[in-house]
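Hello,

Please have a look at both when you get a chance.

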Amino acid sequence: MLTGKQKRYLRAMAHHLQPIFQVGKGGTNDHLVRHINESIELRELIKLSVLNNCMDDPKEIGVEVAAAAKAELVQVIGKTIVLYKRASEEKNRKIELPAVKVGR
């Protein structure tokens, strides 16, 4: 679970990224989720775009794809979805999230 500060940090990093996947009128499927898993392992932070011909709600798609890919939903703004998942291999880790404060 990401904190607000961590989400804000990831949103700032994702601002300059281009969407690498598009969700069309077919919606989400296993093939799309598999490709997302492969690329999120290498990049850790990705953007998806929902095309105009897709009748599903982008927020619902974001939740669905994040759950299927076991990733964190960082943001859904308009028809753009931002996902984050920490790389399982040490060599692929590029993003260092801000530390979580424990207690006051």
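Predicted model: local features only at pLDDT ≥ 70, side-chain atom pairs only at ≥ 80, totals over all residues.

Residues are numbered from 1 along each chain as its sequence is written, and side-chain values use heavy atoms, with hydrogens and water left out.

Leu83 also belongs to the largest nonpolar core, which has 16 residues; together with Ile36, Leu48 and Ile61, Leu83 touches the most other members. Two or more residues of this core come from each of β1 (21-23), α2 (30-43), β2, α3 and β4 (80-84), and α3 gives the largest share, 4 residues. Another core lies apart from it, with 8 residues that include Leu2, Ala14, Tyr84 and Ile95. By nonpolar core I mean a set of buried Ala, Val, Leu, Ile, Met, Phe, Trp, Tyr and Cys residues joined through side-chain atoms within 4.5 Å. Buried stands for under 20% relative accessible area, exposed for over 50%, and partly exposed for anything in between (1.4 Å probe, protein chains only). Helices (H or I, at least four residues) and strands (E, at least two) are DSSP runs, numbered from the N terminus.

Now to the sheet. Its 4 strands form an open sheet in the order β1-β2-β4-β3, with mixed pairing; strands count as paired if DSSP finds at least two bridges between them. β1 and β3 (72-77) are the edge strands, each with a single partner, so one side of each has no neighbour in the sheet. From one strand to the next, the twist averages 25°. β2 and β4 are antiparallel to each other, over 5 bridges, and Leu48 has Ile81 in β4 as its bridge partner. α2 packs on the sheet, where it touches β1, β2 and β4, and its direction makes about 145° with that of β2. α3 packs on the sheet too, touching β1, β2, β3 and β4, at about 20° to the direction of β4. For these angles, axes are lines fitted to C-alpha atoms, for helices over the stretch in contact, and values run from 0 to 180 degrees between N-to-C directions.

Two other residues may interest you. Cys54 sits in the loop between β2 (45-50) and α3 (58-69) and counts as buried because its relative accessibility is 4%. Beyond four places in sequence, Cys54 touches Val23, Gly24, Lys25, Ile61 and Lys79. Gln6, in helix α1 (residues 4-14), is buried as well, at 7% relative accessible area, and its side chain reaches the backbone nitrogen of Thr3 at 3.0 Å.

Finally, which salt bridges are there? The count is 2, where a side-chain nitrogen of Lys or Arg must lie within 4 Å of a carboxyl oxygen of Asp or Glu. Glu89 pairs with Lys91, with the closest N and O atoms 3.7 Å apart, and Arg93 pairs with Glu90 at 2.8 Å. Lys91 is exposed at 69%, whereas Arg93 is partly exposed at 29%.

Best wishes

Notes. Contact = heavy atoms within 4.5 Å. Polar contact = N/O pair within 3.5 Å; in protein donor to acceptor, adjacent residues only side chain to side chain.
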